[in-house]
Structures are given as structure tokens and as C-alpha cells.
Amino acid sequence: MKEDTQLKISKSIFLIPVAYVFAIWFIYWIEIQFDLNFNKYGVFPRTLVGFRGVFLTHFIHSNTSHLFNNSVPLFVLLSSVFYFYKDVAYKVLFFGGFFTGFLTWCFARESYHIGASGIVYLLFSFVFFSGIIKRHYRLVAVSLIIIFLYGSMIWYVFPVKEGISWEGHLSGFVMGLIFSIAYRNKGIVKEEHQFIETEFDSLFDEHGNFAPPIVGEELDDKKLEQKF
């Protein structure tokens, strides 16, 4: 089946997730090793200099706890996207990441906004809503697992805790929803079941009435043909 060929696990599925997680840890290691602070390269809303953060913010973290909390869901969600939606995975990651940062730059508070949380919420929202929109049982199952593991994340799209960029979370969540709608016909799409006619089906007429062939008449016809 076409779906089975789409859902083959390969090393390439984990290549981007591993590379991304490694990159954010490596950048944080550089900060610690050389006593640097990259926070100033994050998104600072509505300023020209702060616009560079749209591209850089997803790789910068404030501390080890912040980094670790993003690493696990980032790896899981990226792997899910590249497994189930490999046709559009790069577009969701790169374009979704850009618009998440851009939306944060447009309306967030005047402060530096850093971290891969925007990407995490982007992927979370995309996987969840795609499963619901496509009504595909495997994707719905993934969505339910996402809710079970990261369901509490939804509260952080609101200003419920100081020091957290809820604007970045909300931006990622909104963009994930938009991309799930835009790519609703991409990736794995539920195909309607097609019935194959069998010998049993030939026992019924087009109206569904039981109408098996009459064996006696067929034999008589054969005898007449032979006599002719």
C-alpha cells in the first residue's frame, strides 16, 4: 500500500531532530565556555536590530533548565513531523519558524525573547491539528499521545508565569494551526476504502436483491446449442 511505503522508518527521519538539538546545546556550550551572552540576539519586538532575532532566537537559551525543557519535546515532535509529514516537514520547520519569530516581533512585549519554545509550540500545534483535520487514525493517535505528554503546554500560551515568553508560545501555536490547514492535503491523507467485487457479490443484482444464476437454464441452453 502507498501508506505503508510512506511510513518506513529511516535514519534520515532522526537526522534533523538530532542536528537541531545538538546545535542548541553546542551554542549554549559556546556561551558557557567563552563567558558570552547571546540573549541580545533574540527577538526584540518592533526594532530593526531586534528583527535579527526572528532567525536566531530559536537557538538561544537562558540556562540549562530552559535548554533541557525544550530539548526533549523538540526531538519528539520533530521526529513525528519528519516521520508522518516528510513531504512538508522542512517547510513547516523553516517557514513556520520564521513566521513564529516574525509574529513574536510584531506584537510581543519590549524585551528579549529567546528559546526554541516557539518551534516546540509550532510543531505541537501542527501535529495535533493535522491529526484532527485529516481524521487519520494513526495521526489522531499521535495527537492523543501529544496531549497526554504535553497537554499542560497549552496554558503557557497565556501570561500565566513571569519570565516566560507566552507571546512566542502563542505565535508558534497559531502558526502550527495555520500550517496544518494549509497542508491538510499534504503528507498522509486518509483514502476512502474501495470495495473489490468478489464472486459472492455476483449473486446479487444492481439493486441488492439476491439473484443467483439459474443452473438448470444454463444446462438446457447448452443442450440446445449442441443439438443445433
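A residue counts as buried when its relative accessible area is under 20%, as exposed when that area is over 50%, and as partly exposed in between, computed with a 1.4 Å probe on protein chains only. The structure is a predicted model, in which local features need pLDDT of at least 70 and side-chain atom pairs count only at pLDDT 80 or more, while totals for chains, interfaces and linings use all residues. Residues are numbered from 1 along each chain as its sequence is written, and side-chain values use heavy atoms, with hydrogens and water left out.

The structure contains 24 aromatic pairs. Rings of Phe, Tyr and Trp (its six-membered ring) pair if their centres lie within 6.5 Å; planes under 30 degrees apart are stacked, those over 60 are edge-to-face, and the rest are tilted.

Phe51 and Phe102 make an edge-to-face pair, with 6.2 Å centre to centre and 80° between the planes. Because Phe51 lies in the loop between α2 (11-33) and α3 (53-56) and Phe102 in helix α5 (residues 89-107), this pair ties together parts that are 51 residues apart in sequence. Helices here are DSSP runs (H or I, at least four residues), numbered from the N terminus. Phe51 is partly exposed at 24%, and Phe102 is partly exposed at 31%.

Phe124 and Phe173 form a tilted pair, 6.4 Å centre to centre with 35° between the planes. Phe124 belongs to helix α6 (residues 117-134) and Phe173 to helix α8 (residues 166-182), so the pair ties together parts 49 residues apart in sequence. Phe124 is buried, at 5% relative accessibility, and Phe173 is buried with a relative accessible area of 16%.

Ring pairs also link Phe51 and Phe102 with Phe55, Phe98, Phe99 and Trp105 into a cluster.

Definitions and conventions
Helix = DSSP H or I, 4+ residues; strand = E, 2+ residues; numbered from the N terminus.
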